[in-house]
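Visitor: I have a model open here and would like to talk through how it is put together. Could you start with whatever I need to know before we get to how helices pack?

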Amino acid sequence: MKEEDVIIRTVIRLMVPFIQIFGLYVIFHGGSGPGGGFQGGVILAASMILYVMAFGVTGGRRKLTEKTNMIMRSTGVLIFSGIGLLAILFGGKYLDYGAVPLPFIHHAAEVRELLIDGGVEVGIGITVMAVMVTIFLEFYPGGTSDD
Amino acid sequence: MRILPLITVLLVGALLIWSAQDMPDMGDPNAPTNLHVAPYYIEHSEEEVGVENIVSAILADYRGYDTLGETTVIFTAGVSVLLLLRRRED
């Protein structure tokens with residue numbers, strides 16, 4: 001696919017970082033405001049989709065290669081289920097985050113809050129972002145050509 | 001032959017509208033769905049989970065298995081799209 005006009009490329013180059021910052025904000029503030037992993041992951045994927053629309057699939061693949069995307073797709077699920085297994089390891093039930101002993105934090109509710117905001121939601125966000133980008137690129141013209 | 005589906009649709013529609021009269025009002029605090037576990041979550045999620053957003057507390061903690069399954073479903077969907085649509089020249 002050819003690249004778009006210079007105005008579109010410049011505007012999108014300016015917009016993408018802000019969209020990604022907002023996506024990260026939505027993911028990390030899932031516990032204290034509206035949002036969470038699913039929504040933030042979709043916002044991050046939207047920034048990538050916007051980038052591919054302006055710079056073509058080859059430009060997008062330079063930023064997020066097929067291999068990285070493949071690793072990210074499974075890493076998110078791994079983080080989520082890994083935190084669940086971590087709880088078993090420290091004597092809790094599966095996905096019972098409060099059982100994980102974190103350094104300097106002794107209150108179970110705080111451990112839960114930290115693990116949800118910084119672990120579970122991040123895992124969901126990574127998987128959702130990678131899968132959305134995958135599905136978009138598979139349907140995009142020329143998306144499957146460069147593997 | 002065309003009249004039978006029409007009668008079926010009208011009958012089912014009438015049945016649905018008739019049965020919807022018995023449903024609780026929108027946002028009724030005394031509706032059975034709002035009296036089951038919802039009050040417990042509203043009262044205890046802050047101290048038990050530490051997350052201010054009750055929706056996130058239910059999603060990630062009380063219903064953690066469900067959310068893990070959802071994430072796996074999305075992962076599986078992505079892999080399935082790749083398996084079905086990726087054309088390989090070999």
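Guide: For the packing angles, axes are lines fitted to C-alpha atoms, for helices over the stretch in contact, and the angles run from 0 to 180 degrees between N-to-C directions. Please also keep in mind that this is a predicted model.

Visitor: Okay, what does the secondary structure of chain A come to?

Guide: Chain A has four helices and zero strands, and read along the sequence its pattern is α-α-α-α. Along its principal axes, the C-alpha trace of chain A spans about 55 × 30 × 20 Å.

Visitor: At what angle do H1(A) and H2(A) pack?

Guide: Helix H1 of chain A, residues 6–28, packs against helix H2 of chain A, residues 37–63, at an angle of about 170 degrees, and their axes are 8 Å apart. Angles over 145 degrees count as roughly antiparallel, so H1(A) and H2(A) are roughly antiparallel to each other.

Visitor: And which residues make that contact between H1(A) and H2(A)?

Guide: From H1(A) they include Ile8(A), Ile12(A), Val16(A) and Ile19(A), while from H2(A) they include Ile43(A), Leu44(A), Leu50(A) and Phe55(A). By class, the residues of the contact of H1(A) with H2(A) divide into 16 nonpolar, six polar and one charged.

Visitor: What about H3(A) and H4(A), how far apart are their axes?

Guide: The axes of H3(A) and H4(A) are 8 Å apart, and the two helices pack at an angle of about 150 degrees, so H3(A) and H4(A) are roughly antiparallel to each other. H3(A) passes H4(A) in a left-handed crossing.

Visitor: Which residues of H3(A) meet H4(A)?

Guide: Among them are Met72(A), Val77(A), Ile79(A), Phe80(A) and Ile83(A) in H3(A), and the residues they meet in H4(A) include Leu115(A), Val120(A), Ile124(A) and Val131(A). The contact of H3(A) with H4(A) has 13 nonpolar, seven polar and one charged residues.

Visitor: Switching topic: how many residues does each chain bring to the contact of chain A with chain B?

Guide: Chain A brings 30 residues and chain B brings 25 residues. On the side of chain A that touches chain B, helix H3 (66–89) and helix H4 (108–139) each supply at least two residues, and H4(A) gives the most, with 15 residues.

Visitor: How do the residues on that side of chain A divide by class?

Guide: The side of chain A that touches chain B has twelve nonpolar, twelve polar and six charged residues.

Visitor: Last one, what percentage of chain A is buried?

Guide: Of the 147 residues in chain A, 36% are buried. As for contacts in chain A between residues at least 6 apart in sequence, 64% join residues at least 24 apart.

Terms used. Residues numbered from 1 in each chain as written. Chains lettered and ligands numbered in written order. Predicted model: local features only at pLDDT ≥ 70, side-chain atom pairs only at ≥ 80, totals over all residues. Contact = placed C-beta atoms within 7 Å. Nonpolar A, V, L, I, M, F, W, Y, C, P; charged D, E, K, R; others polar. Buried ≥ 20, exposed ≤ 12 C-beta atoms within 10 Å, placed from the backbone. Parallel < 35°, antiparallel > 145°, perpendicular 65-115°, else oblique. Left-handed = near helix turned anticlockwise from the far one by under 90°.
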